[in-house]
Each structure stands twice: as structure tokens, then as C-alpha cells.
Amino acid sequence: MSSQVLARLRAQRLTRIAAAVLAAIVLASLLVPWLSPYDSYTPDFALLSHPPMLAGAHVLGTDPLGRDLLVRVMWGCRISLAIGVVATLMSVLIGVSWGAIAGYAGGTTDQLMMRVVDVLYSVPFVPFVIVLTVLFGRGLWLIFLAIGAVSWLDIARIVRGQTLSLKQREFIEAARIAGVHGIGMIRRHIVPNLLGIVAVYATLTIPAVILFEALLSFLGMGVQSPMASLGSLVADGASDMQSHPHLLIVPAAFLTAIIYAFNYLGDGLRKALDPRGQP
Amino acid sequence: MTRYLLRRLLVAVPTLLLITTLGFALLHAAPGGPFDADKRMLPAIQQAIEARYHLHEPLWRQYLRYLGQLAHGDLGPSFQYRGTSVNQIIAQGLPVDAAVGLSALALALLAGGGIGVTAALREGGAWDHAAMALAAVGISVPLFVLAPLLVLIFAVTLHWLPAGDWVAGSPSHLLLPALALALPYAGYIARLMRGSTLEVLNSPFIRTAQAKGLPSHHILWHHALRPALTPLVSYLGPAFAGVLTGSIVVESIFGLPGIGRFFITAALNRDYTLVMGITVLYGTLIILCNLLADLCYAWIDPRVRLA
């Protein structure tokens, strides 16, 4: 990423705010064991579902088992962010290789590979992931795998399109004359030139993945108790919302803030890379 | 045109076959069977039941049998609801899904489209900023956060609308689920429409129309709107798929008797035929809607040739 892009990125106020919010949440979720005297497992039966008390020990209150809600939510952020990042890395890896190979190879190979993507687009994935998690246990790794395997299609399409236009450029011609072929060409000349657009879509895939995991957790098929993700915390909160609304509002606010921030960051990145505009 | 339609429908066959095969393989690769949970069942009875549903046959025969049934439009008997066929369950649930899903789509298109176009007309103004902030909220707040909050506000606190339950043909029972399902798509559509309207309004043929002295509402309705709608149409396919799967969540929150709720219990209970039936139905609907969206696209933008 050039310094020009970084400068344009820094010039956008909303992007700066989004980046700051994200950095704060990431830092807090990583440092939570050292920042708070409470852990996320030990119940406190004297303080069940206590509302937030800004002056007290539990700043955002406690959950129905008397655990500190802020600490629970921070651990939830950690799990949700980890799932978002790992699953996105997976989908980027698959999507970029698939799209770059299809676009660079062209011809029948391209037709075949893109037909596969078209077919997969018609597969109703939410039901498939639900079936997967129900049938094969509910481990974290399965969630990574399932979501990563689902979300590479968009990236593959975009990368293929970009590769097709890159292929016509002079420097690729020059490299071919210099004797670079096949995988070496894709690795050394095509993929590095795609990194900008891939960064944009990766930034926009992370919130989609976090939402998807949250949806699974909400349906009771994601992260299992006592571990918690933002989605499972929201689900727990929603069942208790009439008597203790803070149990829904606090994790929902963090989830929304993360999604909002990633979306703004992705938009900002897109504008910085392509200043001519595009909504 | 006819050839195009035929070709698209032919391509749908391998897609559906893949969905069926994938689903079938997944379900049968998983440990545990549909009748394992009934511990008190005598072995003889269990064998009789498994014979009744052909579960004792080798897998390939079950697979071929299922494909044969599918070709005749028969989705088989449900394992979980004995004496009921999957076709009956779907026939009961689908009207609910259709009512909620279609009204959500209509809401999203009308609200999102209106907000997007008006925001573009006042680019940089207060309404533009407010509308885009609102759209970002719609996109960022997940459906399952929105739905309980809507219930909390409109049903529990204000008592304007019922909190859940389903009365066929009652619009007040329809409104909250449809609204919850529509908001994320409304937000996305608003952003999409704002962008495309701005792009069209800045193009030379609009400047020509303005130079001719045409009134601005005439330019908007007769010149700008149609080209501005093209990205919206290509978003229809994904939006439809999203609404379809989103209904699984909405139905379990509002307690609607649609297909989505059946799907989750079916998956939990290893009701193979019901899971397969609903998955195949979803796949078919997504394929059909993508086809419909492509046809709309060609109709709105005649430069796109259906080849």
C-alpha cells in the first residue's frame, strides 16, 4: 500500500474514528485478563443480573450468574474477532487462488472454474452450515471451516475480473517475454497487484463473517457455553430482555460497533484506493 | 429469448443435483441416525421402522430412490412427524414464508429506493447525511438484535402490535417480522440507489435534458430512474436469498409457523427427508429468483443481450 493511499485514508474523518474504535476494542479484548479483577467464569451469587452501576465494581452490571458483563463481553469480542479474522483469511486464500488461476488460465479452465462458482452461488448456504454444525458437533474449528468455505465466492469473482484486465497490461507481457510462466507469474506479478482490492473485500468480509457466526450462535449452533461470542451473548440477552434490558443492549452495542467500524473502514479503504469515486 | 430460458433451466439441473448430492452425503456421513434417540424401542420395531423408510438399504440405493422420488416432485415422508409428508409440511409453511418474505422485500425496495433517491437529490445536505447514517445502522445492526428490540419497543412498551404469534391474513401480525427482515436490505438498497442515482444524474444525457428546460421531476421519472435501477436489479438475487434464509431467524424469534422453524428442528432431530426437502426447495427458489433478476436486468437495460 503506497503512502499516497495511507494519506488519503488518514484524511477521512469517519475512517479515522472507525479505526480508533476498532483498535480500542481489539486492545481491550486482548488485555482484559490484566485490566479487570474479574474473570469470565466465576459466578457471584450475591449479584445476579445486576444493572450497570457506573460507580460500582461491575461497571456494566452482571449477568444472570453474577459474572461481570463487561468482562464477558470483552471475551466475546475476542472470540468473535478471532472467528472473523481466521475465516476471512481462509476465504481470501481460497478466493484469490481460485480467481487468479481462473482469470490467468482463461479458456476452458476459466469457464469450468467460474461455472463451479456460479453453481455454488445457488447453494443455500445458511441451511448447509446449520446442518454441518448440528451433525458434526459444535467446535470452533468447524465454524471457521464452514464460514471460510462459504465466503470465498465473492472474492474469487472479483479477483478473476481484475486478473483478466491485468493480463492485458504491458508489464505482464514483459515478464512473459523474460520467461516467467504459470504459477510463478500469478504469484509474483498478478497477486501483488490485486492486494489493494483484496484488502477492501477482506475488510468487508470480516463483519459479514462475524454476523454469520453471531447468527449461528443465536440459533444455538455456534460457540457453546461457558465460552461466549457476541452472538451467544446477544441471544442470552434477548431471552431476558424484559426484566434486564442491559443484558441485551451491552453486547448488541459492541457487536454493532464492530460491524459499523469494519464497514466504514472498508468503505474508506475503497475510496482511498480509487479516489475517482464509486459509492 | 426462449433458447436463453431453456439453457438457463438446463443449467439449473446439475446445480440442483449438486445440492441434493451434497445434502444427502452430509446427512448420511454424520454419526447417528434418525431413530437412535428412541432408546426404549425394541430392536424388532426399530428394524421395522428402518425398513419402512428404506434406511436398511445400501446408501447408493437410498440415493437413487430419493432422486427418483424427487424427479416426480415427491419429497418423501417426514421421519419426525409420522404420517405427514414433507410436501404437506412445506405446503403448510410456505404461505407464511411467502407473506413475510415478499412483504419484507417490497418494504425494503420501497423504503430503501425512496431514501436512496431522495438522498442523492439532496447530495451533501442534512437529509443525505441523516439517511446514510440510518442506512449504516440498518446494515450494521444484526437481524436478531433488531427483532427483539422492535418487539421491546412496539409490542411490549407501546402495545401497538402483537409480539409474535401468527394469524393468517392479519397485517398487524405480519408487520413486525417483515419490518425486522426488511431493514438490513433497506439500508443496503438505500446506499446502492444513492450511488447509482448520483452517477446517472452527473451523466451527459441528463445535462442535455436540463439544457432543454425539462422540469426536474420529469427528468427524474422519465430519464434518470430507469438506468439508476440497474444495480438494484442485480442485487435482487442475493437480497432474495438473504431474505429467504433470514426468515429462519425471524420465524424462530416471532414464533411463526413457517418452513424456517421446521428446518432447525428437523436438523436437530435428523429428519433427513425434511432437511433435504427444505434445502432443495431453497435451492430451487434461489435459482428461479436469480433467473428472474437476470430477465429484469435485460428488460431494464436492453443493451444487455440474453445470450
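This is a predicted model: local features need pLDDT of at least 70, side-chain atom pairs count only at pLDDT 80 or more; totals for chains, interfaces and linings use all residues.
1. A:Met221 sits in the loop between helix 9 and helix 10 of chain A. Helices (H or I, at least four residues) and strands (E, at least two) are DSSP runs, numbered from the N terminus.

2. Residues are numbered from 1 along each chain as its sequence is written, while chains are lettered from A and ligands numbered from 1 in the order in which they are written.

3. Now for confidence. pLDDT is the predictor's confidence in each residue, from 0 to 100. Chain A averages 81, with 89% of the residues scoring at least 70; chain B has a mean of 82, and 93% of its residues reach 70 or more. Among the elements of chain A, the highest mean belongs to helix 3 (residues 69–105) at 89, and the lowest to helix 6 (residues 140–150) at 76. For the model, ipTM is 0.73 and pTM is 0.79.

4. Chain A is built from eleven helices and zero strands. Of its 279 residues, 44% count as buried. Two residues are in contact if their C-beta atoms, placed from the backbone, lie within 7 Å. Of the contacts in chain A with a separation of 6 or more, 69% come from residues 24 or more positions apart.

5. Helix 11 of chain A (residues 246–273) deserves a look. The expected span of a helix is 1.5 Å times one less than its number of residues. For the 28 residues here that gives 40 Å, and the end C-alpha atoms are 40 Å apart, which agrees. Helix 11 of chain A is mostly covered, with 20 of its 28 residues buried.

6. Is A:Arg13 buried or exposed? A:Arg13 counts as exposed, because it has 9 C-beta neighbours inside 10 Å. This residue is found in helix 2 (residues 13–35) of chain A. A:Arg13 and A:Gly268 are 255 residues apart along the chain, yet their C-alpha atoms are separated by 9.5 Å.

7. Which elements of chain A give two or more residues to the side that touches chain B? The contact takes 29 residues from chain A and 35 residues from chain B. On the side of chain A, the elements giving two or more residues are helix 5 (125–135), helix 9 (182–218), helix 10 (230–239) and helix 11. By class, that side has 25 nonpolar, four polar and no charged residues. Here Ala, Val, Leu, Ile, Met, Phe, Trp, Tyr, Cys and Pro count as nonpolar, Asp, Glu, Lys and Arg as charged, and the others, Gly among them, as polar.

8. Chain B has twelve helices and zero strands. Its C-alpha atoms fill a box of roughly 85 × 55 × 30 Å, taken along the principal axes. Of the 307 residues of chain B, 38% count as buried. Among contacts in chain B between residues at least 6 apart in sequence, those joining residues at least 24 apart make up 73%.

9. Helix 4 (residues 86–121) and helix 11 (residues 259–268) of chain B pack at an angle of about 130 degrees, their axes 8 Å apart. That makes helix 4 of chain B oblique to helix 11 of chain B. Axes are lines fitted to C-alpha atoms, for helices over the stretch in contact, and angles run from 0 to 180 degrees between N-to-C directions. Angles under 35 degrees count as roughly parallel, over 145 as roughly antiparallel, 65 to 115 as roughly perpendicular and the rest as oblique. Helix 4 of chain B brings B:Ile89, B:Ile90, B:Gly93, B:Leu94 and B:Asp97, and helix 11 of chain B brings B:Ile259, B:Gly260 and B:Phe262.

10. Finally, helix 2 (residues 43–52) of chain B lies largely in the open, because the number buried among its ten residues is zero. Just after this helix, B:His54 takes a positive phi of about 60 degrees.

Conventions: A residue is buried if 20 or more other C-beta atoms lie within 10 Å of its own, exposed if 12 or fewer, and partly exposed in between; C-beta atoms are placed from the backbone.
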